[in-house]
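Please read them with the structure open.

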Amino acid sequence: MHLSSTLPLWLTLTSTLLTPTTTAIDATLDSTLVASARLAATRLDRAALFAAPNSTVFDFTTHPYHTFSPGGVVNANAATFPYVTGNGMTLAMLYLGPCAMLPAHLHPRAANYVVSVKGTTETYMVEENGAGTVRTTLGEGMMTIFPRGSVHMMENTGCTPNTLVSALNAEDTGTLNLATTLFSALPPALVLPNVGYALDDASLVDIGRDMPGVGTGAIWGRRECLRACGLEGRGRGRGRGKG
């Protein structure tokens, strides 16, 4: 008899669920240059490292995550833009296409200041257990703050694209998506008690398999919005974060 036939479904499929989903994190462009900038004895020594033309310029629009289908997060940080090194912050452009959202996530190493540049965006934030949900509606020129480690998400509930600017006080902020972590990265035997056994083993496995990867940072949002904007069928199955 095969061993798997004597084991519960959650255990036989644990290895499948614990296999990382397709994620798009910021690949380090030039680790040697970043290390040299950190070790430069003087500011003049550091400046000499960036003497090449355009080494002090970052173009958000040429990044592959610059998309409104469904959306994307483009970070100018130490990994993607070495000139950031030593300046203590990350600047990001957030692109939300019609009905797009940034799923619930947190940044373990930075507070996040978000400004709406174009369109109206709904945001939600919870700082910790016992704190209420803070909901805001950001019109153009308005901002909110997501404190370090707070869980937050945002969505475009309209049929036209939104653009926001995000400033974070760290060069390596880190991002952790909650649903992806819970359903695709942790042992199902431990996840089931966390959801009050409201799901069975098979349902949990299905959710884990269908969970969208991090992709460009954005995913398709509410079904009612998708219907209203003529985007039916989007946001179904793995990979929906890439449109």
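1. Contact here means heavy atoms within 4.5 Å. On that basis, and leaving aside neighbours within four places in sequence, leucine 102 is in contact with Val73, Leu94, Leu96, Met153, Met154, Gly217 and Ala218.

2. On the source: this is a predicted model, in which local features need pLDDT of at least 70 and side-chain atom pairs count only at pLDDT 80 or more, while totals for chains, interfaces and linings use all residues. Residues are numbered from 1 along each chain as its sequence is written, and side-chain values use heavy atoms, with hydrogens and water left out.

3. A nonpolar core is a set of buried Ala, Val, Leu, Ile, Met, Phe, Trp, Tyr and Cys residues joined through side-chain atoms within 4.5 Å. Buried means under 20% relative accessible area, exposed over 50%, and partly exposed in between (1.4 Å probe, protein chains only). The largest nonpolar core has 13 residues, of which Leu94, Leu96, Leu102, Val114, Met154 and Leu164 touch the most other members. Strand S2 (90–96) and strand S3 (100–106) each supply at least two residues of this core; S2 gives the most, with 3 residues. Apart from it lies another core, of 8 residues, including Phe60, Tyr65, Val74 and Phe81.

4. Helices (H or I, at least four residues) and strands (E, at least two) are DSSP runs, numbered from the N terminus. The loop between helix H4 (43–49) and strand S1 (71–76) contains proline 70. The peptide bond from serine 69 to proline 70 is cis, with omega near 0°.

5. Asparagine 54 also lies in the loop between H4 and S1. Asparagine 54 is not a glycine, yet has a positive phi of about 65°. Is this residue buried or exposed? Asparagine 54 is exposed, with a relative accessible area of 63%.

6. Tyrosine 197, in the loop between helix H6 (188–194) and helix H7 (201–210), is another non-glycine residue with a positive phi, near 55°. Tyrosine 197 counts as exposed, at 58% relative accessibility.

7. On the surface, Tyr113, Val115, Val117, Met143 and Ile145 form a nonpolar patch with about 410 Å² of accessible area together. Patch members have over 30% relative accessible area and no salt bridge, and nonpolar side chains are joined within 5 Å. A salt bridge is a side-chain nitrogen of Lys or Arg within 4 Å of a carboxyl oxygen of Asp or Glu. Strand S4 (112–118) and strand S7 (143–146) each give two or more residues to the patch, and S4 gives the most, with 3 residues. Tyrosine 113 is found in strand S4 and counts as partly exposed, at 42% relative accessibility.

Methods
Patch = residues over 30% accessible without salt bridge, like charges linked within 9 Å, V, L, I, M, F, W, Y side chains within 5 Å. Areas by Shrake-Rupley, 256 points an atom, 1.4 Å probe, with all protein chains shown as cover.
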